[in-house]
Every structure is written in structure tokens, then in C-alpha cells.
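Please examine the following model with attention to its strands and its ligand site.

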Amino acid sequence: MKKMIITVWIFLALTSGAIAGAENALQTTSAWTNQSGSTLYITGVGGNGQLTGSYINRASGFNCQNIPYPVTGWVYGTAITFTTIWQNPAESCNSITSWTGFYYNGKIHTLWQLAINGSTSVSQILQGSDTFIQSSSMSQKSLQAK
Ligand code: BTN
């Protein structure tokens with residue numbers, strides 16, 4: 001009986017809450033907005049660290065704005081990587097962006113690269129940095145330092 005309770009507890013800890021389980025734990029449901037006003041919605045992080053969610057771009061100078069696009073990625077302790085394809089029946093931008101970074105001091109710090117379908121040179125890859133802070137509307141379920 002005791003073994004079963006411990007097994008259930010471990011399963012719940014892995015699937016419904018903190019991933020790292022230490023300082024700067026990454027949790028599974030949260031919304032994060034960057035310095036350009038874009039928002040990353042994390043809707044799930046599996047026990048293996050696989051991330052699912054969506055992204056709404058609001059950065060000026062880019063198309064595909066104000067529409068949710070699908071996100072997949074990974075969380076590994078405080079390290080995080082996620083990708084979106086800018087393809088949607090409402091608007092497609094013929095491109096993909098990937099962000100890689102880490103959670104520290106309440107923020108997700110990332111570097112991103114944007115590749116356009118049909119590119120023939122790495123010099124055509126756009127790159128930059130985005131820093132995300134937790135959106136207040138989902139403050140109870142976020143990537144928070146414990
Ligand atoms: C495109 O214009 O090809 C699609 C939209 C790209 C938006 C980029 S992704 C990196 C940067 N961070 C944002 O929040 N938006 C821009």
C-alpha cells in the first residue's frame with residue numbers, strides 16, 4: 001500500500017507540477033510576454049520535459065500578428081527551447097522560429113533564430129534575443145522560483 005502511494009505521488013509530481021523540483025523550478029501551465037508584446041503560452045510540460053503551447057506574435061516589423069501559432073519544445077531543468085511554425089489558415093508567413101534559453105530570476109532569457117522556407121544561405125537566418133516575463137493573468141500557474 002505504502003509503495004503504491006509513493007508511486008502515485010511520484011507520478012503526480014512529474015506530470016502536474018514543477019519539473020526541476022528545486023530553485024527556479026519550471027512549472028507546466030503559464031503565460032509569458034516578451035519585450036515586444038508577444039506572448040508564449042505554455043499549456044503543458046510532460047514528465048519527460050516535452051513542452052506544448054502556442055505563441056502570439058505582436059512584434060512590430062513582422063507579419064503573422066495577433067494569431068495563435070502552435071509551439072513545441074523541451075524543458076530541461078531551467079533550460080528551455082521552443083519552436084513555432086508560422087502557418088495557420090488565417091495567415092501563414094512561410095517561416096519557422098526557434099528560441100533557446102533559460103529561466104532565471106523570474107524571466108525566460110532567450111536567443112532566437114527565424115528561418116524562411118526557401119532560404120539558400122545561412123546569412124538569411126534572422127536572429128535576435130527575447131526576454132519573457134510572466135503575464136499577470138496566469139500568475140498562479142507559472143514558471144516561478146520556488
Ligand atoms: C514572420 O514574420 O516570418 C513570422 C513572425 C516572426 C515574429 C518574430 S519571431 C522572433 C521575434 N520575437 C517575437 O516575439 N516576434 C519576432
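## Strand pairing and ligand site

Thr100 stands opposite Leu111 in E7. That pair belongs to the contact between strand E6 (residues 95-104) and strand E7 (residues 107-116), where 10 bridges join two antiparallel strands. Strands here are DSSP runs of E with at least two residues, numbered from the N terminus, and two strands count as paired if DSSP finds at least two bridges between them.

This is a predicted model, in which local features need pLDDT of at least 70 and side-chain atom pairs count only at pLDDT 80 or more, whereas totals for chains, interfaces and linings use all residues. Residues are numbered from 1 along each chain as its sequence is written, and side-chain values use heavy atoms, with hydrogens and water left out.

### The barrel

Eight strands close into a barrel with antiparallel pairing, in the order E1-E2-E3-E4-E5-E6-E7-E8. From one strand to the next, the twist averages 30 degrees; axes are lines fitted to C-alpha atoms, and angles run from 0 to 180 degrees between N-to-C directions. Strands of a sheet pair through backbone hydrogen bonds, either parallel or antiparallel.

Strand E8 (residues 126-134) pairs with strand E1 (residues 30-34) through three bridges, in the antiparallel sense. Between E7 and E8, also antiparallel, there are eight bridges. Phe132 of E8 takes part in both contacts: it is the bridge partner of Asn34 and also that of Ile108.

A hairpin is formed by E4 and E5 with two residues between them, and Gly77 in the turn has a positive phi of about 65 degrees.

### The ligand

The ligand is surrounded by 15 residues, the closest being Ser38, Tyr55, Asn57, Ser95 and Asp130; a residue is near if one of its heavy atoms lies within 4 Å. E6 and E7 each supply at least two residues of this shell, and E6 gives the largest share, three residues.

| Side chain | Ligand atom | Distance |
|---|---|---|
| Asn34 | oxygen | 3.0 Å |
| Tyr55 | oxygen | 2.6 Å |
| Asn57 | nitrogen | 2.9 Å |

Taken alone, the ligand exposes 410 Å², of which the protein buries 94%; accessible areas come from the Shrake-Rupley method with a 1.4 Å probe.

Technical notes
Helices (H or I, at least four residues) and strands (E, at least two) are DSSP runs, numbered from the N terminus. A polar contact is a pair of N or O atoms within 3.5 Å; within protein, one must be able to donate a hydrogen and the other to accept it, and residues adjacent in sequence count only if both atoms are side-chain atoms.
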